[in-house]
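Subject: Structure handover

Hello,

Here is the structure I promised to pass on. My notes follow below it.

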Amino acid sequence: MSRIIIHIDMNSYFASVEQQANPFLRGKPIGITGKHQERSVIATASIEAKKLGVKTAMSTWEAKRICPSMILYPGDPEKYSYITCQFNSIFNEYTDCVEQFSIDECFLDVSKTATDYLEAIVLAQIIRERIKETCGEQITCSIGIAPNKLMAKLCSEQVKPNGITTVNQQNILKFLDTCKLKDLCGIGTKIENRLNALGINTFEQLRKFSLEKLVNEFKSYGYWLYEAAHGRDDSPVINTYEEPKSIGHSYTLSENTDNKKEMKYCLLGLSDRVAGRLRKECLVARCVHVVVRYADFNEMTQQQKFTEPTSNGLTLFKIAWQMIDQWLDESKPVRLLGISATTLSRGNEHQSLFKKERKVHSLQKTLDEIQNRYGSNAWTRASLIDVHFKERSSGFHSPNSPSTM
Amino acid sequence: MHEFLNDQIDVIASFCQNRVIPKRIRWNERDYDISNVNLVHTAREGQKRIFYFSVSDNTNYFKLKLDPEYLEWHLVELYN
């Protein structure tokens, strides 16, 4: 049976939310940035800024060069997470099959709710109106309706802002042939270049290309490319919670530094945050991955596995710092530090045989309870009293259910 | 100009149909009549739920913070 999938993509999401909150930003080119505007990137450009050539992930100085009148505005992730919860709860009223693809994108399988494409279009219009009523008229979305997720996402990219695009089974190939290879989610610049090198510049050419040669070139990805070129995708809309594969934090320092002490404090603070999230999710890690970005934007990454699973911030820090200390190029100042815990599994840390470690473990439990009750800033290590992390501007915060207030 | 503040303020608000609507704020010994409540969102501080009101008059945008436990209002952002 043919499915009907709706993909909903919020337009210039973070910027639209800020324009909804602050009417003096409406109709103006704005860019949502991180905590240090001068060292940040544009997390989202408003529709007005995009029209002037500003793109997402552009550095703020480049965006300012293109559009000197652009207003740089620091992001407010809690606000965005709240609005995301609001529109997700609207989607759940119309189907129980909703997959959150990112903070501002969702797939809805409406095969049971809508019997044909006309009904799906009406449903999409109702949802769009409900978002406007609930979240505000500045917050708009583009909607794609198609027989599968891949095509629905491609459809939603077609008319921005505020468009609804539909493609049914009969028109998929005709529709694909009007799109560029890179428009498809899953074909980035590198894959596109490799396809171009094989003489493939359009979906029609990709369809006609031998599957065997594609698999030779791209291994198993070749099968996916071949299916995608025919507009086929049988991946289901998954509405179940998936276990996190990794938990990590990175931080761009307020100034580049070659001061090892400063780096250590920053890494310890990040490790504590990672460990806190691990414990909150009742997870332990068996691998630590670190990243150091130098001032020249060169990056060094390394990971280390270990046998004793942990969710302790100090343990994660020690492993991470040991790695960094070995290969840090001390002649180059550091711009960003990051740590993530991977190879995660459910469970708690093993009880140590040593009294001191058992004491630390039970103290950690109490400290976690304090943070759960009073918030993440309720306590900090004495060594980190002078370390203040400015909040990031993107990402998803732990959801809090929307209220009517 | 965009300012981040944490100033305690006085607020006159109406409670209507399960909603709180700030009507007037007093900050720096001056009254500001709120003409629009543009967005309301909540955030967690530990177990506590904090309410934020993005409001404006004709020339200013204010972000107000309401701590429902202590019924305290703060002005946390100003844009004009």
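Domain bounds here come from an automatic or database domain assignment. For chain A, that assignment gives domain 1 (1-169), domain 2 (177-239) and domain 3 (247-384). The centres of domain 1 and domain 3 of chain A, taken over C-alpha atoms, are 34 Å apart.

This is a predicted model: local features need pLDDT of at least 70, side-chain atom pairs count only at pLDDT 80 or more, and totals for chains, interfaces and linings use all residues. Residues are numbered from 1 along each chain as its sequence is written, with chains lettered from A and ligands numbered from 1 in the order in which they are written.

Now the cores. A nonpolar core is a set of buried Ala, Val, Leu, Ile, Met, Phe, Trp, Tyr and Cys residues joined through C-beta atoms within 7 Å. Buried means 20 or more other C-beta atoms within 10 Å of a residue's own, with C-beta atoms placed from the backbone. The largest nonpolar core has 84 residues. A:Ile6, A:Leu108, A:Ile145 and B:Leu64 have the most contacts inside it. Domain 1 (1-169) and domain 2 (177-239) of chain A both give residues to this core, so it lies between them. Another core lies apart from it, with 24 residues, including A:Leu267 and A:Val334.

Last, the contact between the chains (residues are in contact if their C-beta atoms, placed from the backbone, lie within 7 Å). Chain B gives 20 residues and chain A gives 20 residues.

Best wishes

Technical notes. Buried ≥ 20, exposed ≤ 12 C-beta atoms within 10 Å, placed from the backbone. Contact = placed C-beta atoms within 7 Å.
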